[in-house]
Amino acid sequence: MWIGSSRNCKAQPFGIKWPNEPIKALGIYYTYDQKLLLEKNFIERLDSIKNLTGIWSSRGLSIYGKITLIKSLLIPKFVYVSSLIPTPKEFVSQLNQLLFQFLWNGRDKVTRRSVINEYSNGGLKMIDFDSMIISLRLAWLKRIASSNDGTWKRYLTHHLERFGGLFLFHCNYDVSILPLNISLFYLELLQWWSEFRDTFSSEKDWRYILWNNKQILINNKTVYYKSYFEAGVIHISDLSFDLNNKDSFSLVSNKISKTNFLVWAGLRHSIPSILKICTHKSTTGELSLKIDDNIFDVTKKKSKDYYTLLVSRKALFPTNVNKLQNEFHFTLEEAKQIFMIPHSVALEAYVKAFQYKILNSILYTNAKLYKIGFKLNDSSSFCSSEPETLYHFLYLCPFSVDFWRDFEVFWKTFDFRCKMF
Ligand SMILES: [Zn+2]
């Protein structure tokens, strides 16, 4: 198969096989035909999980059981392929659609951003596929930043050479203005890395690096002067703004090869005045961030570490939390404890799921069923005198009041009997 700039070459030298079909290597199909790439690597897998969810849907599984299946049997089918090639957006939305349809037996009943949350935050720990794709890609930084000099890195280092090679990952770049002619795989990696550190890093030291800096433009382009970089001019403070153009130039001119006063003055002139006063310097050796007072060293981090952070930022409390707080005057801390109760007192997944539905107001009482036209009236299944809202069903209905009173008596005697043994 011809690759790179020769991809359209039709010659078939050396009497060997030159296939027109996609090439399969270690389970992944490679081809320049984007439609075939999508079909072979993603849609075929999607079809296989469509069959599985179809079979499992009729088994009456609990929401917890379904999430276990999704995380242990369905998502792993895509982990490998999504870590090696870009995952098309249209596929992501199709897969999400399929998984959530399976989870809820139809339309979503709770916002997706709350479903992906931790149990203690009212979630179901459902996988967030978008964050997973980003995490899998960011985990490549570990391999890229490692000292191991694999030949596979040469594609990347060659394309980044004019920006200082892997040094670019330290810079305040913006992929949309960087004249990069690189594969989507690395383009996404660069973009997601810059978004990730912007979101999570408590220190934004990269802003003070001169090169490839989106805030430092000459003719609307970012700059990288190799000879300056090699002479140790890396940070804005290296331009010595405490001196004028002439004095600062005479200080460095003998250190930098092939430069002149105009280039030096032009560079100094391009620095926005707000940045000129910065004296910050960052280390440009190890690629790391500071997150919540901890060092986040990318040479040690795996996709799971990125995933946990990404989801923690994306996940929300269930919308019903406000209602619980207003109606029952729970604090957020108390609400968190309430979300955990089903997981500490019940083993049975259906019991946990029942509690989850109550807490999210998605239990289908008669009032709800009537509203969507499933029942002819909304009256209580037990007393028939009041509309069967969740509150009535669990607390106000005379039958429920009797039940809770009897249960309390039972529990006390039960407790007593236990103590006897
Ligand atoms: Zn009732």
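Two strands are taken to pair if DSSP finds at least two bridges between them. Helices (H or I, at least four residues) and strands (E, at least two) are themselves DSSP runs, numbered from the N terminus. The model looked at here is a predicted one, in which local features need pLDDT of at least 70, side-chain atom pairs count only at pLDDT 80 or more, and totals for chains, interfaces and linings use all residues. Residue numbers start from 1 along each chain as its sequence is written.

Take the strands to begin with. S5 (residues 288–291) and S6 (residues 294–297) run antiparallel and are joined by four bridges. Ile 291 has Asn 294 as its bridge partner in S6, while Lys 290 is partnered by Ile 295. Together S5 and S6 make a hairpin with two residues between them, and Asp 292 in the turn has a positive phi of about 50°.

Now for the helices. The axes of H6 (residues 129–138) and H9 (residues 184–200) come within 10 Å and cross at roughly 105°. H6 is therefore roughly perpendicular to H9, a label covering angles of 65 to 115 degrees. Here axes are lines fitted to C-alpha atoms, for helices over the stretch in contact, with angles running from 0 to 180 degrees between N-to-C directions. H6 brings Ile 134, Arg 137 and Leu 138 to the contact, and H9 brings Glu 188, Leu 189, Trp 192, Trp 193 and Phe 196; residues are in contact if their C-beta atoms, placed from the backbone, lie within 7 Å. By class, that gives six nonpolar, no polar and two charged residues.

Trp 193 turns up again in the largest nonpolar core, which has 60 residues: Trp 193 and Leu 210 touch the most other members. Such a core is a set of buried Ala, Val, Leu, Ile, Met, Phe, Trp, Tyr and Cys residues joined through C-beta atoms within 7 Å, buried meaning 20 or more other C-beta atoms within 10 Å. Neighbours within four places in sequence aside, Trp 193 is in contact with Leu 138, Leu 141 and Phe 169.

Lys 35, in helix H1 (residues 34–57), is exposed, with 9 other C-beta atoms within 10 Å; the cut-off for exposed is 12 or fewer.

Key:
Parallel < 35°, antiparallel > 145°, perpendicular 65-115°, else oblique. Contact = placed C-beta atoms within 7 Å. Nonpolar A, V, L, I, M, F, W, Y, C, P; charged D, E, K, R; others polar.
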